[in-house]
Amino acid sequence: MSIPCDYHMHSRFSSDGQATIPEMCEAAIRAGLREICLTEHVDWIPWDKTRDFFNPAAYVPVALEYKNRYEGRLTIRVGLEISEPHLVSDQIKILLASWPIDFVLGSAHWIDQSGVYFTELYQVHSVDEIEREYFKRVLELVRDGEFDSLGHLDLVKRYRPIELGPFDAAPHREIIHEILRILVSRDKAFEVNTSPLRRGLDSTCPGLEVLKWYRDLGGEKLTIGSDAHNPEQIATGFDTALEMLRAAGFKRIVRFERRQPELIEV
Ligand SMILES: [Zn+2]
Ligand SMILES: [Zn+2]
C-alpha cells in the first residue's frame, strides 16, 4: 500500500510552474496515483511581485475540463495554495464564492514583507529569530485564515543554513502546540509536505515529532503533498511519508471534494 493522493502541486497556472495540467496528470498516473489536487499559487498580498499572475478565470475552466477528460483514470481536484489567506480575507471570500474549488491549502510564506526564502533575511536576523517569527505568522494564519489544510508548517527548515545542523522543533514546542490545538479545534487538516526530502534534508515539513504532537492532541486529518513544480517531482518521498505516518500512529489521510473532507485508509 502506498499513498494514493498527491495534494500539493503547481502547473503553469502558478507563477513558478512550467508544466501543463495534462503533463502533470500523465506523470501522476505513471507514479501510480489515483488522485491529485492541483494547488495553484494565489499570491495576493500587496507586496508580492507575482501578485497579478494568478487568474482563476483562466485556471478553473481548464482544470475542470481535464477533470472530466481524465475521469476513470485519475481523479483531479481543483485546488489553490493561498499565501497568507488571513491577510487578504475579503478577496479570498469572493474567490471561493465565485469558483467551484475542491481544496484550499493555506500557507505562510512571509515574515512581514520578507519572503522566508530571501537570503537577505539571514544576513540581518539570526536563524533562531527567523524561525520564531515564522511560527508567529503561522499561528495568525491558523487562527484567522480561511483554508482546509495548513501547508508546510515548518517551511523555514528548508532554508536553514546547513552548517547549523538540522531544524529542531523542540525549542518551538509551545507555539507549535498552540498552532496544532487551533487546527484541531477548527477541524482543519494539515499537510505532510515531502519537498525537503528532494533538497537533501532527511525530514518532511513537518517531521515525525510534530506529527506525534498533532496525534496526541487529537488531530486526525492529514493531507500529503509533494509540492511538485514539475512532473518528475510528483509523489516523490511518499514512501518516507507513509513510514512517518505509521510511526506516528496514523492509518488514514484525508481527501477533499468541494471542500468536504473524507478520511481514507492508507
Ligand atoms: Zn508553499
Ligand atoms: Zn506549493
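This is a predicted model: local features need pLDDT of at least 70, side-chain atom pairs count only at pLDDT 80 or more; totals for chains, interfaces and linings use all residues.
1. Donors here are N, O and S atoms within 2.8 Å of the metal (3.2 Å for Na, K and Ca), and since water is not among the atoms, sites may look incomplete. His-109 sits in the loop between strand 4 (103-107) and strand 5 (110-111), and His-152 in the loop between strand 7 (149-150) and helix 6 (173-185), so the two histidines tie together parts that are 43 residues apart in sequence. Helices (H or I, at least four residues) and strands (E, at least two) are DSSP runs, numbered from the N terminus. Both His-109 and His-152 are buried, a word that stands for under 20% relative accessible area, with exposed meaning over 50% and partly exposed in between (1.4 Å probe, protein chains only).

2. The zinc ion (ligand 2) is coordinated at 2.1 to 2.3 Å by His-8 (NE2), His-10 (NE2), Glu-81 (OE) and Asp-227 (OD), and the spacing of these donor residues in sequence is H-x1-H-x70-E-x145-D.

3. What bridges the zinc ion (ligand 2) and the zinc ion (ligand 1)? The bridging residue is Glu-81, and the two ions lie 3.6 Å apart. Glu-81, in strand 3 (residues 75-83), and Asp-227, in the loop between strand 9 (222-225) and helix 9 (238-248), link distant parts of the chain, 146 residues apart. Glu-81 is buried at a relative accessible area of 1%, and Asp-227 is buried at 6%.

4. The seven strands of an open sheet run in the order 1-2-3-4-7-8-9 with parallel pairing, where two strands pair if DSSP finds at least two bridges between them. Strand 1 (5-6) and strand 9 stand at the edges with a single partner strand each, so one side of each is left without a neighbour in the sheet. Strand 2 (residues 35-42) pairs with strand 3 in the parallel sense over eight bridges, and Thr-39 stands opposite Gly-79 in strand 3.

5. Helix 8 (residues 208-216) packs on the sheet, touching strand 8 (189-193) and strand 9, and its direction makes about 160 degrees with that of strand 8. Contact means heavy atoms within 4.5 Å, and axes are lines fitted to C-alpha atoms, for helices over the stretch in contact, with angles running from 0 to 180 degrees between N-to-C directions. Helix 9 lies across strand 1, strand 8 and strand 9, running at about 160 degrees to strand 9.

6. Arg-186, in the loop between helix 6 and strand 8, is partly exposed, with a relative accessible area of 29%. Leaving aside neighbours within four places in sequence, Arg-186 is in contact with Leu-141, Val-142, Arg-143, Asp-144, Gly-145 and Phe-147.

7. The count of disulfides, defined as pairs of cysteine sulfur atoms within 2.5 Å, comes to zero. The sulfur of Cys-37 is 9.7 Å from the closest cysteine sulfur, in Cys-5, too far for a bond. Cys-5 is buried at 3% relative accessible area, and Cys-37 counts as buried at 0%.

8. On conventions, residues are numbered from 1 along each chain as its sequence is written, and chains are lettered from A and ligands numbered from 1 in the order in which they are written. Local features need pLDDT of at least 70 and side-chain atom pairs count only at pLDDT 80 or more, whereas totals for chains, interfaces and linings use all residues, and side-chain values use heavy atoms, with hydrogens and water left out.
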